[in-house]
Amino acid sequence: LCPGVRKYGPRCDLSVYSGLSSRQGGHQTRGFVMSCNDDHVWSEAPGATSDRGCISNPDAICLNSQESSYTMEKSDERTEVVLLATGSFNPITVQHLRLFELARDHLHSTGNYKVVKGIISPVSDGYKKKGLVEGPHRLSMVQLATQTSDWIKVDPWECLKKDWTETVAVLRHHQQQLVGMNNGGNLDKKSGCRKGNKRKRDNCQDVPDHNCSESRAVPQVKLLCGADMLESLGTPNLWKPEHIVEIVSSFGLVCITRIGSDAQKFIYESDVLWKYRHNIHLVQEWITNDISSTKVRRALRRGMSVRYLLPDLVLDYIKNHDLYSEESEEKNSGLILEPLVRNTKDLQ
Ligand SMILES: Nc1ncnc2c1ncn2[C@@H]1O[C@H](COP(=O)(O)OP(=O)(O)OP(=O)(O)O)[C@@H](O)[C@H]1O
Ligand SMILES: O=C(O)c1ccc[n+]([C@@H]2O[C@H](COP(=O)([O-])O)[C@@H](O)[C@H]2O)c1
């Protein structure tokens, strides 16, 4: 059972979140299913099968019964990619979902990549951002928003932790899940490499390296973000410099343009981003709009309509739980964002 899970509100009729787990104790890696029951309690259902029936099969990362699993497409030369978007999702908007569609189209258009999954990982309450409503509510809204997608899923691993997790650790976690899957679960927890093979393990780095022979067939996890999040890499003391290097060198970024941000200029002006620019995919959103969670919350507080900015089910959820009010906007008011607190402590 996930720690810190509390009961939240009444019925949730869509219920299954699925992922890939690298449990040991058998030679088979198995899938796992996080389920949200009628009382909105999120928990892991061991041995369960996903709604799409492919999670209990360790060889199938398929997200969609029509699309072939990556095993079946081993002859396909394209690199398989899992897109991971982190953020508050407070609440999730249609533009968050659009980011995935734009990124997938772009990567496919290069002819070099095949996107096999999209993961939305809402941040933990421990991030302490002003106005951040409780994690289980944000998770439930993402789950409702993604139920019409056959490839984008919500993942509660980061969100349900009490403490905030650095994004690079979230990326490592999801990469290791995939490595474990590929290695039949027999992997070293830290390195993400197969246990019992010292020579190969020694050749692997702590950070899963996609060039490592052990992980070549594993899909690559790439961070998906908007240009404002890319620009946040330049905010003093917000991100650790070594994490920025690891994100752009070991994982890679797919960044969608956003009104008010100039990602191209930001990359040009940053030596580290420039150095790894081959691993940063900048995607132009031509159908521009400035939907943001902050604006949605503001409109909700003022009793104004936000219909069509969010999926209807999300809007219903917000109304049923009376989520965004003047009071909720004051949550964490006066607190400093956790990454700033941690990085400032590290400097002392
Ligand atoms: N309209 C948008 N265009 C491009 N990227 C976006 C857009 N909205 C959100 N994103 C991206 O989605 C991710 C998650 O964003 P987040 O949850 O912070 O939502 P947000 O709308 O940016 O919230 P806020 O209004 O608080 O800034 C981030 O990478 C962010 O850059
Ligand atoms: O890993 C870091 O050092 C780091 C520093 C600042 C922010 N982040 C992540 O970036 C995301 C920012 O979300 P938001 O809503 O504040 O735009 C969120 O997922 C944070 O965990 C991550």
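The shell around ligand 2 in this predicted model is made up of seven nonpolar, five polar and three charged residues. In total, 15 residues surround ligand 2, and Thr86, Ser88, Glu166, Thr167 and Pro339 are the closest. Strand E4 and helix H3, which covers residues 167-182, each contribute at least two residues to the shell around ligand 2.

At least two residues of the shell around ligand 1 come from each of strand E4 (79-87), helix H1 (94-109), strand E7 (220-226), helix H5 (227-232) and helix H9 (293-301). Helix H1 provides the largest share of this shell, with three residues. The shell around ligand 1 holds 17 residues, of which Gly87, Cys225, Gly226, Ser292 and Thr294 come nearest to the ligand. By residue class, the shell around ligand 1 divides into seven nonpolar, eight polar and two charged members.

The largest nonpolar core comprises 66 residues. Within this core, Leu83, Leu84, Ala103, Leu224, Cys255 and Val314 touch the most other members. For leucine 224, the contacts beyond four places in sequence are Leu83, Leu84, Ala85, Leu99, Phe100, Ala103 and Val254. In soluble globular proteins, nonpolar side chains tend to be buried together.

Leucine 97 is part of helix H1. Leucine 97 is classed as buried because 21 C-beta neighbours lie inside 10 Å, the threshold for this class being 20 or more. When residues up to four places away in sequence are left out, leucine 97 touches Ala145 and Ile152. Between the C-alpha atoms of leucine 97 and isoleucine 120 the separation is 9.2 Å, with the two residues 23 apart along the chain.

Ala145, one of the residues touched by leucine 97, is among the buried residues of helix H2. Helix H2 spans residues 135-146, and its end C-alpha atoms are 16 Å apart. Since 12 of the 12 residues of H2 are buried, the helix is largely enclosed by the rest of the structure. The buried residues of H2 include the charged Arg138 as well as Gly135, Pro136 and His137. Leu139, Met141, Val142 and Leu144 are likewise among the buried residues of H2.

Several backbone features were also identified. Most residues other than glycine have a negative phi, and most peptide bonds are trans. The peptide bond from asparagine 90 to proline 91, by contrast, is cis, with omega near 5 degrees. Proline 91 is located in the loop between E4 and H1.

Tyrosine 308, although not a glycine, has a positive phi of about 75 degrees. This residue belongs to the loop between H9 and helix H10, the latter covering residues 312-321. Tyrosine 308 is exposed, as 10 other C-beta atoms lie within 10 Å, and the exposed class extends to 12 or fewer.

A positive phi of about 60 degrees is found at asparagine 332, which is also not a glycine. Asparagine 332 is placed in the loop between helix H11 (326-329) and helix H12 (338-347). With 16 C-beta neighbours inside 10 Å, asparagine 332 counts as partly exposed.

Methods
Residues numbered from 1 in each chain as written. Chains lettered and ligands numbered in written order. Predicted model: local features only at pLDDT ≥ 70, side-chain atom pairs only at ≥ 80, totals over all residues. Near = placed C-beta within 6 Å. Helix = DSSP H or I, 4+ residues; strand = E, 2+ residues; numbered from the N terminus. Expected span 1.5 Å × (residues − 1). Core = buried A, V, L, I, M, F, W, Y, C linked by C-beta atoms within 7 Å. Contact = placed C-beta atoms within 7 Å.
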